[in-house]
Each structure stands twice: as structure tokens, then as C-alpha cells.
Amino acid sequence: MSKIYKEIGIGFIPVLLIFLVFLGVNVIPILFVSVLGVSLFYMIKGRGGAGISAGGGDRKSKNRTPSYLTFDEIGGQDRAKKELMEALDFLIKHEEIKKLGIRPLKGILLTGPPGTGKTLMAKAAAHYTNSVYMAASGSEFVEMYVGVGASRVRDLFKEARTRAVKEGKDNAIIFIDEIDVIGGKRDGGQHREYDQTLNQLLTEMDGIHTNDAPRILIVAATNRKEILDSALLRPGRFDRHIEVDLPDKKGRLSILDIHVKNKPLAQGVSLDMIADQTFGFSGAQLEGVLNEAAIYAMREDKLAIEQHHLASAIDKVMMGERTDKETAQEEKERVAYHELGHAIVAEIVRPGSVSQVTVSPRGKALGYVRHNPPKDHYLYTKDYIEQQIMIALGGAAAEEIFYGGRSTGSRNDFEQSLSMVRNMMDSGLTSLGIIDRDMVTKDQLMKENTIILDALMIRTKELLEQQRSVFEHSFAILMKEEVLSGETFRKLFDDSVSKSA
Ligand code: ATP
């Protein structure tokens, strides 16, 4: 019917326009406004009304149920996986929970840093519960037109139900990444569009009747849980919160084991060592390390990945690609003394901790020292932080010893040192005692800061002055090779110490 009206309209409009021209009416402004109106209509319709099909190719590929992905293919995250599976059992055992009068689960919130496997968890959840999988990202709902985001939310739920029925599945899992984009605290102010989108999401969640198939479960992810609106987090909505944190050493090793499966490793390569050296890396970064290592191996025409490919790959992921910055000889020498300063202090206060010393520019750095953390640390003592500050000050201290002054190369080191002093102050580890920042003046903080850093700088310089021979031995080799592995550096260090003893 509407098609007939459309065709009549298409025929009638030109006739009307010709008639108006005959009457001497200027039709150009009418034409202009009509074209503008029609394009706007189709733009909104295309982006909003048909939200699911908009960007269809992309969305469809994201939504294909990943039958291959199971929880076994997610490395580490044992606690998060266990908690998630327990929550998903509610969906599987819906009859039992009904008998006990348990309120069915509607939303699970995964929180944690980027690249830790939250999306993988949602996909594995769909596999575990034999559900249809739909994915969307918070930013996909954000439009300048009021109401478009809300209509996309509606469409997403509608499509989840339709697909579940079509595919004969009892459940559908809707994964919403970056939920904070639409789920931030509502202030009733400027972001009316965001508020409407969030309201629609809440309405859809309230409308989920979890006893009738297809049952819908929403899994959302964020790394900014603190900014979420409390309406989202209340019981009956996202009331299961699962933390998906950065992996510990065991987790890192199991992630490496998963991603190395399709990559040939040379004999003797130790992934355990790589897990040791990648403290603070996310799963995505670990996958990146193996991928980059394979690229380095290919560039060297090697058939398998060797340990040094992995070492370079860690540097690449951590610091960025090697740059072609041509440094003057003088500058390179200063960088070498600076980096050796860090490395020597590190080796003294924490023997065995240096993993690599480099004087070739990478990313923004002209040189750097990579450290092996002894084990994963979550609690730090005053001594530990002071040692850490001394390692950071080692570069500037070495420049003072060999050049009589510092350079701008220590800026980053000082930023790190200041942040560590701040941590000490906030943790009650300084002579200020236990403080609240509002109760002390800036002067007091500044004074304490200076006392701590000056004393540590003096201790660092004293340490380095006693190791001039280590500098002498390592300097020429570092200048020539540009990279010293932890083992080579330690050998040079031990040799010089025993010679000067
Ligand atoms: P974001 O918050 O940025 O969306 P995310 O937490 O959702 O990130 P994923 O998209 O799940 O992270 O992970 C990105 C990639 O990193 C995965 O495709 C996978 O290659 C790798 N990865 C991350 N965590 C793990 C893990 N625990 N086990 C195996 N691979 C992982």
C-alpha cells in the first residue's frame, strides 16, 4: 500500500513543480529545501532506524556466534572465568533457579584494563550457554540526533530475540563493550541523547522476562566502573561484577602458550623467561609480543622464532618501533652513561634484575633499561620504593658524575620519582606521618619531597662513584653493540667488581 503512495508521490511532485514554474513561481528554494530534507531523513533512517543493518557487514561479522571460542582458549583469569561460569549456570539451570525462587540474572559487568580478555569472556560465555551472540560498543549508540541511540538499543534487543528464535536457541547474549560511553552518571544536563539511550537500555533490561525463551543476558564491559550510573548497577540490572585483571606470571605464561600454538619456536626458547619479563602486560600485549617476534624472525629469514626476536618484540610493544633518529656521538655517549647509571644501581639494589640495556632510540626514548621484576608485586615497602627511586635517579646521577651536570633526558625519571614519593606520602611512609593532603600545605609537601629526593640522590651518587670501573668496562661495549643483554651486563659487572676488589 505504502509503495503505491510512494509511486503516486514520485509522479505527482514533478507535475506540481512544472505547474508552479508555469505560474512563474521560483522553485529553486523549494527544490533545495526538499533535497536537504530528504537527505537528512535518509541519513537518520540509515544510521538509526535501521541501526542493526547499518554497518551491517561489520556488525554481522562481530555477531557471528564464535563456536570455536571456549573458556580453555582464554589464558589465566582463572578466578574471573570461574565466577563467570557460575553466573552463567543460572542461565543454563533456569528451571532449578525458578523452583528456588531465585531472581534470574539479567546483566553481568566485566571490569578491567583494556586487552585483558573481556570480549573473549563474552564470546566464551555465548559458547558455554549455547547462545546467540550479539555485540555492540557503547560508542556505536552515540549520535548527535536525539533518539537514534535509543532506537538502536531497541533494535539490538529485537534482533537478539529474532535471531535466537530463527536459530532455535533458548538464549541470546548481548555484549556491550565500553558501556561507560552510554552508561555514565546522568546529570540531567547537556547529554540528553546519552540519557535517552541509557533510559532505553534500562527499559529493555526491565522488560527481559527471563523465564520465557529466548532468555537474554547482557554482558557489558568497562574499564571505568566508577563513572557508571547507579541505576545500571542496582540489583536486577548489572548486579554481577567480575574483575578481569592484568594477568599474573602464571596467567601470562598460559596466554603465551595459547598464542604460540601456531608459531614455530627455536630450540631452547624460554617462554617462562618472557612471562617473567612482561610484568604488567595485558593479554593483547602478550599476543602482540609473539606476533612482533614472528615478524622479526621473518625479516631475518629465520624459520623459527628465537629468544632475541622475543626480546626485541617486548621492547617494541613496550616502547614503540626503533626510530631512525640519528643521534650525535656526544649525545649517544651521554645516553650510554645515563642508562648504565640506571642499570648499575638496579644491579646493586636488586641483583639479577637488569634484563637489557639499550642505547638505540625507540619510540620517544633515546635509550632504556628493561628490568625483570623479581616476582609480581602488589604491596611495596618503604625500602623497596626508595630503591626504585634510586634506580630512577641513577641516570641523572651518572650524568652528574661524568659530565658535571644533568640534561633533559632525566625528565621522565623525575616524573616517576615524584610519583613514587607521592605514593610514599599518601601511604604514611614519610616523616610527615599519616596525612590527608588537605591538612598539609604545599610548602610542607614540597619540603618533604626535597628532603627525600635529595637524600636519595646523594646515596645514589655514592653508590655509582664506587662503581666507576663497571662504567669503564661496559661503556665501550654498549657503544659498539648498542644493546647489552642482562647476562652480558651482569658478567661485565661481576668482572669489574672482582677486579677492583
Ligand atoms: P578492550 O577493553 O580494549 O575492549 P578486552 O578486555 O575486551 O579489551 P579482548 O578484546 O578480549 O580484550 O582481547 C584482545 C586480544 O588480546 C584477544 O583477541 C586475544 O588475542 C588477546 N587476549 C587478551 N586477553 C587474553 C587472554 N586472557 N587469553 C588469551 N588471549 C588474550
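1. Let me start at Glu482: at 25% relative accessibility it counts as partly exposed (buried is under 20% relative accessible area, exposed is over 50%, partly exposed is in between, with a 1.4 Å probe and protein chains only). Glu482 sits in the loop between helix 19 and strand 8 (483-485); helices here are DSSP runs of H or I with at least four residues, strands are runs of E with at least two, and both are numbered from the N terminus. The phi of Glu482 is positive, about 70°, although this residue is not a glycine.

2. Some ground rules before going on. This is a predicted model, where local features need pLDDT of at least 70 and side-chain atom pairs count only at pLDDT 80 or more, while totals for chains, interfaces and linings use all residues. Residues are numbered from 1 along each chain as its sequence is written, and side-chain values use heavy atoms, with hydrogens and water left out.

3. The overall picture: the protein chain has 20 helices and eight strands. It runs to 501 residues, of which 45% count as buried. If you take contacts (heavy atoms within 4.5 Å) between residues at least 6 apart in sequence, 77% of them join residues at least 24 apart.

4. As background, most residues other than glycine have a negative phi, and most peptide bonds are trans. Asn130 follows helix 6 and belongs to the loop between helix 6 and strand 2. With a relative accessible area of 49%, Asn130 is partly exposed.

5. Helix 6 itself has a buried side. Lys118, Met121, Ala122, Ala124, Ala125 and Ala126 are the buried residues there; note that a lysine is among them. Their cover includes helix 4 along with strand 1 (107-111), strand 2 (132-137), strand 3 (171-177) and strand 4 (215-222).

6. How do helix 4 and helix 6 pack? Helix 4 (residues 78-92) and helix 6 (residues 118-128) make an angle of about 40°, and their axes are 10 Å apart. Axes are lines fitted to C-alpha atoms, for helices over the stretch in contact, and angles run from 0 to 180 degrees between N-to-C directions. The two helices are therefore oblique to each other (under 35 degrees is roughly parallel, over 145 roughly antiparallel, 65 to 115 roughly perpendicular, and the rest oblique). Their crossing is right-handed, a crossing being right-handed if the near helix is turned clockwise from the far one by less than a right angle, and left-handed if anticlockwise.

7. On the helix 4 side of that contact you find Ala80, Lys81, Leu84, Met85, Leu88, Asp89 and Ile92, which meet Met121, Ala125 and Tyr128 of helix 6. By class, the contact has eight nonpolar, no polar and two charged residues. For the classes, Ala, Val, Leu, Ile, Met, Phe, Trp, Tyr, Cys and Pro are nonpolar, Asp, Glu, Lys and Arg are charged, and the others, Gly among them, are polar.

8. From helix 19, Ser469, Val470, His473, Ser474 and Ile477 meet Phe489, Leu492, Phe493, Ser496, Val497, Lys499 and Ser500 of helix 20. That contact divides into six nonpolar, five polar and one charged residues.

9. Now the rings. Eight aromatic pairs turn up in the whole structure (rings of Phe, Tyr and Trp, the last by its six-membered ring, pair if their centres lie within 6.5 Å; planes under 30 degrees apart are stacked, over 60 edge-to-face, the rest tilted). Tyr337 and Phe475 are stacked, at 4.3 Å centre to centre and 10° between the planes. Tyr337 is in helix 15 (residues 329-349) and Phe475 in helix 19 (residues 468-481), so the pair ties together parts 138 residues apart in sequence. Tyr337 is buried at 16% relative accessibility, and Phe475 is buried at 15%. Ring pairs also link Tyr337, Phe402, Tyr403, Phe471 and Phe475 into a cluster.

10. Leaving aside neighbours within four places in sequence, Gly395 is in contact with His338, Gly341 and His342. Ser410 is 15 residues away from Gly395 in sequence and 6.8 Å away in space, C-alpha to C-alpha.
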